[in-house]
Amino acid sequence: MASVRGVAALCQHLSGLTLRVTPPAATSMLAPASCAALQVRSFNIYRIDRPKPSDKKNYRYQVHYPEDGQYTIKPLKTTKLAGRHPETGRIIVGTLGGGAKRNYRWIDWHRTGPTDGTFLEERIIHIQYDPNRSSKIALVGSGDSLRYILATENMKKGDLIKTSSYIPRIPVRPKEGDAYPLGALPSGTLVNCVEILPGDGARMVKAAGCSGTVLRKIGEKVVVQLPTKRELALDPKCMATVGRLSNITHGQQHIGSAQRSRWLGYRPVSGLWQRKTGYHGRKIRPLPPMKSYEPFKEDVPFTQYTVNSEGPGKPIIPSTDRVT
């Protein structure tokens, strides 16, 4: 009984101290129970693999890309994750699991063309369904190269689409399916697959039936309104595809049965959840302010020196709500 009290007192004493490197000789003097208690008190194991709000990872499946890294239109094999972390195996998203087998079609998100005023013409070979995304995809070819892109609403087999990275003095007359920089498009143009940084690939407006709108120009920035009515101030060199994405009735499809929901890759639910209709007073919040994206700056390497033998071992001001 005395040993249990001693271990509890030791853990209570160690929980208020800062974590320091302990020599092997001193570690062997602690009891195994005290070491386990110290390990649990040091961090919360449950929060290790929890994703952050900005950490948009895919916990549904893992794609096996070619070892050489070369782009290909061949369907790639996937491994289902069922909501688990690919490295630790912990469940991150508990609503995912099961589903039909599917292969991955590699989408080329970089629509870049010549900058001398000419165009890169590509012909649409066929439009097909993709099980990994809501909108349809189109196989396009130019010369001896083929690639997959997202299909727009009125895109048909045999059409020619153009891609240009040149920004003229007068805005161009856009055609659906063509890709231009935001600085070359007139105000009011519907766009999709919008880049947030030049050359970084499409990041915004990629869901079925969605489209953004080029609103205006402010200084050296072009303001684009997303489907959520939020406004972004982007660089004029950011590429975007003209038009609205295909499969516009995707949001109106009815699941109909629990089996179809399972086939889509969602685990069964209790059925107690009800969609909020706003009848009891949903809060109407104002739109967030306009957001602007800048190129990433490389971190400058630095060396930090710390002397453990000088200064207090813990903050002088206690961590309480008291005003000091």
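This dialogue explains how several features of the predicted model above are read.

User: Which conventions apply to the numbering and to the atoms used?

Analyst: Residues are numbered from 1 along each chain as its sequence is written, and side-chain values use heavy atoms, with hydrogens and water left out. The model is predicted: local features need pLDDT of at least 70 and side-chain atom pairs count only at pLDDT 80 or more, while totals for chains, interfaces and linings use all residues.

User: How many helices and strands are in the chain?

Analyst: Helices (H or I, at least four residues) and strands (E, at least two) are DSSP runs, numbered from the N terminus. The chain has four helices and 15 strands. A contact is a case of heavy atoms within 4.5 Å. Among contacts between residues at least 6 apart in sequence, 61% join residues at least 24 apart.

User: What share of the 324 residues in the chain is buried?

Analyst: Buried means under 20% relative accessible area, exposed over 50%, and partly exposed in between, with a 1.4 Å probe and protein chains only. Buried residues make up 27% of the 324 residues. By the Shrake-Rupley method with a 1.4 Å probe, in which only the protein chains shown count as cover for residues, the accessible surface of the chain comes to about 23100 Å². Carbon and sulfur atoms account for 55% of that surface.

User: Where is serine 211 found?

Analyst: Serine 211 is in the loop between E10 and strand E11 (212-218). With a relative accessible area of 19%, serine 211 is buried. Its C-alpha atom is separated by 8.9 Å from that of valine 242, 31 residues apart along the chain.

User: Which residues touch the most other members of the largest nonpolar core?

Analyst: In soluble globular proteins, nonpolar side chains tend to be buried together. A nonpolar core is a set of buried Ala, Val, Leu, Ile, Met, Phe, Trp, Tyr and Cys residues joined through side-chain atoms within 4.5 Å. Of the 19 residues in the largest core, Leu182, Leu185, Val191, Val194, Val214, Leu234 and Tyr293 touch the most other members. Strand E12 (221-225), strand E13 (231-234) and strand E14 (239-242) each supply at least two residues of this core. Apart from it lies another core of eight residues, including Leu139, Tyr148, Leu150 and Cys193.

User: Which residues lie nearest the centre of the largest cavity?

Analyst: Rolling a probe the size of a water molecule over the atoms shows where empty space is left. On a 1 Å grid over the protein atoms alone, a cavity is a set of points where a 1.4 Å probe fits but cannot get out, and lining residues have an atom within 4 Å of a point. Grid points are joined across faces, edges and corners, and a volume is the space filled by probe spheres set on the points. The structure holds one cavity of 30 Å³ or more, and about 110 Å³ of space lies in the largest cavity. Of its 13 lining residues, Trp109, Arg111, Cys193, Ala202 and Thr241 lie nearest the centre. E14 gives the largest share of this lining, three residues.

Key: On a 1 Å grid over the protein atoms alone, a cavity is a set of points where a 1.4 Å probe fits but cannot get out, and a pocket is an open set with protein on both sides within 12 Å along at least five of seven lines; lining residues have an atom within 4 Å of a point.
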